[in-house]
Every structure is written in C-alpha cells, then in structure tokens.
Amino acid sequence: MKPQGNDPRFPVLIADEGLNFKKHVFDDPKVLGRQLIEAAGGHPVDEHVAIAILPNGDFEDIRLDESYDLRGRGAEKVLVTRTDRVFKFRIDDKDLEWPRACISGFVLRKLADLPANYNLWQEIPGQQDRKIADSDVINLDAKGVERFISLIDQTTEGDTLPSFDQTFLVDHGYQFEVIQEAGKTGIILKSLVLPEGKFNVETADILVLLPTGYPDCAPDMFYASPHLTLASGQVPKACSAQLSHAGRVWQRWSRHNNAWRPGVDGLRTMAARIKTALMEARA
C-alpha cells in the first residue's frame with residue numbers, strides 16, 4: 001500500500017479470522033511476518049501465521065522472518081491468526097487456504113468477494129451440491145480439497161437461463177439451445193445419446209419447458225424429437241401426445257415431478273430424471 005499524502009508511513013489492513021480488518025501503520029515499507037503478527041497482538045508469535053490477501057483474491061503465506069514489501073505488491077490486506085497449519089480449498093478457479101479447520105459461510109462469501117445476488121454451493125461428490133448459507137459452518141479438514149462454486153441467484157425471466165444450469169450443461173458437454181416462444185422458455189438438449197438398442201434411433205433432441213418461477217418451480221414433463229418407439233416398434237407408455245414448439249412437433253413424455261426441491265434441483269436433476277425415464281421406458 002502506498003503512503004498517504006505527505007505521510008511517509010505505510011498503512012496495511014490486518015484482519016483476524018473473522019475477517020475484521022483493522023488499520024496498522026508502519027514506518028518502514030518492508031516488514032517481517034512476525035512484525036505483522038505482533039502488530040495484530042498475536043502472542044506467542046511462532047504460533048501464529050500471517051497470510052497476505054492479494055487483490056485478485058489469492059493468498060500468500062508470509063514467513064515469520066520474511067521481509068514483505070508493502071510498496072507496490074498490492075497486498076494491502078493481511079490475515080493474522082493462531083494456527084499450526086492451513087487448510088486448502090477452492091472457490092471457482094481460485095485456490096485458497098484458511099488457518100482453521102472450520103470456516104463459516106459468511107467468511108467464505110467475503111473471501112470470494114461475491115456480489116449480493118450470488119450464492120455459494122459446495123460440491124459434494126456423488127450427491128446433490130449443497131447451497132451454503134452465511135450461518136453454515138464447513139469442515140475443511142475432510143479428505144481431499146473442498147470445492148465451492150459461485151452461482152447467480154435468480155429465476156428465469158425473459159430468456160435468461162440460471163447460470164448454475166448453464167455451468168452444468170457446459171461442464172457436462174451438453175449441446176443445448178434456449179428458445180423463447182409464446183412466453184415459454186424451452187431448453188433443447190441436442191442429440192442426446194439414448195440407451196443403446198432401446199429405441200428406433202440412437203440420439204434425439206430433448207425439450208424441457210421451464211415454468212414461470214423456475215428454478216423455484218419444477219419443470220414437469222419433457223419432449224422428444226423425433227418421436228421415439230421402442231425397439232419392438234411399440235410406443236412407450238404415456239408418450240402418445242404431441243406438442244408444437246419452436247417449429248417442431250415433439251413427442252410428449254408424461255413424466256411428472258412431484259418432489260422438486262427449490263434451491264437444490266435444476267437441470268442437473270432434470271437431466272438425470274430424463275435419462276432414467278428413457279432407460280426405464282416400456283410399452
């Protein structure tokens with residue numbers, strides 16, 4: 001941090017583990033890690049750590065006897081806390097670390113510098129991702145590196161597809177198209193690979209209509225194009241109706257959803273439902 005006006009002293013913001021920052025001023029632009037800890041009242045010094053919080057959100061350890069230059073490094077913020085190790089985690093594409101095994105959702109949000117309309121989700125391997133509230137406490141000491149993603153918290157208005165759905169579709173290699181027609185938003189999953197040997201074709205486009213209020217409200221049925229018949233030539237059960245949308249005639253698959261979980265479900269779970277329905281289809 002540069003000196004202010006004609007004052008040759010060098011200020012830096014030092015935070016505790018609650019990210020409560022307090023301004024400290026040094027006469028020398030180069031300070032040792034132990035000086036930062038002492039300025040924050042850390043005692044004994046060798047049981048504390050000093051971590052620079054860089055402008056891009058990354059962290060950088062400052063060793064006790066490492067000289068740290070406050071001029072032009074951009075490290076205007078330093079975290080000081082008592083610990084004997086650090087715990088690594090990732091938010092989006094940033095690798096971060098924290099000096100405690102537990103961290104609150106509130107502190108995670110501050111570290112991620114999220115806009116007010118964004119939420120954090122914790123990736124849970126093999127399960128539904130978990131939405132993180134400010135009051136949640138997350139254990140960073142579990143096996144592996146904890147991963148979080150930030151997603152905009154919005155419903156579908158106009159032609160907007162929630163970013164967490166877009167992230168899911170892109171990350172999982174779906175080719176998709178968003179189409180607005182007659183006030184309805186349709187998501188077309190293009191050339192979805194069908195269960196091998198199950199139907200008259202190997203791939204089909206699948207249409208999902210998003211209701212007003214999605215993702216708080218559940219999509220209901222889904223639609224296929226071309227029309228699918230089983231390998232036996234029979235029409236799958238509850239698939240005889242049609243729908244015209246986006247200039248095409250779609251085969252309606254009447255598969256209702258009565259167990260939607262607002263804040264949890266989305267196209268991720270809808271795609272899983274569709275694949276299950278296709279796999280289990282019978283005449």
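Mentor: Gladly. Six strands make up this open sheet, in the order E15-E16-E17-E18-E20-E19, with antiparallel pairing. Strands here are DSSP runs of at least two residues (E), helices are runs of at least four (H or I), and both are numbered from the N terminus; two strands pair if DSSP finds at least two bridges between them. E15 (175-181) and E19 stand at the edges with a single partner strand each, so one side of each has no neighbour in the sheet. From one strand to the next the twist averages 35°; axes are lines fitted to C-alpha atoms, for helices over the stretch in contact, and angles run from 0 to 180 degrees between N-to-C directions.

A word on the source: this is a predicted model, in which local features need pLDDT of at least 70 and side-chain atom pairs count only at pLDDT 80 or more, while totals for chains, interfaces and linings use all residues. Residues are numbered from 1 along each chain as its sequence is written, and side-chain values use heavy atoms, with hydrogens and water left out.

Let's go through the pairings. E16 and E17 are antiparallel over seven bridges, and Leu189 stands opposite Ile206 in E17. E17 is then joined to E18 by four bridges, again antiparallel, with Phe222 in E18 as the bridge partner of Val208. E18 (residues 222-225) and E20 (residues 248-253) pair antiparallel over three bridges, and there Ala224 stands opposite Gln251 in E20.

Helix H4 (residues 267-280) packs on this sheet, touching E16 (184-193), E17 (203-210), E18 and E20, and its direction makes about 135° with that of E17. Contact means heavy atoms within 4.5 Å. H4 has 14 residues and reaches 19 Å from its first C-alpha to its last, close to the 20 Å expected at 1.5 Å a residue; the expected span is 1.5 Å times one less than the number of residues.

Now look at what is covered. Buried means under 20% relative accessible area, exposed over 50%, and partly exposed in between, with a 1.4 Å probe and protein chains only. In E17, seven of the eight residues are buried. In H4 the buried residues are Leu267, Thr269, Met270, Ala271, Ile274, Ala277 and Leu278, and their cover includes helix H3 (163-171) along with E16, E17, E18 and E20.

That brings us to the largest nonpolar core, which has 28 residues; Phe222, Trp253, Leu267 and Leu278 have the most contacts inside it. Such a core is a set of buried Ala, Val, Leu, Ile, Met, Phe, Trp, Tyr and Cys residues joined through side-chain atoms within 4.5 Å. H3, E16, E17, E18 and H4 each supply at least two residues of this core, and H4 gives the most, with six. Leaving out residues up to four places away in sequence, Phe222 touches residues including Ile206, Val208, Trp253, Met270, Ile274, Ala277 and Leu278.

His245 lies in E19 (residues 242-245) and counts as buried because its relative accessibility is 3%. Apart from neighbours within four places in sequence, His245 contacts Ile179, Glu181, Lys184, Gly186, Leu207, Leu209 and Trp250.
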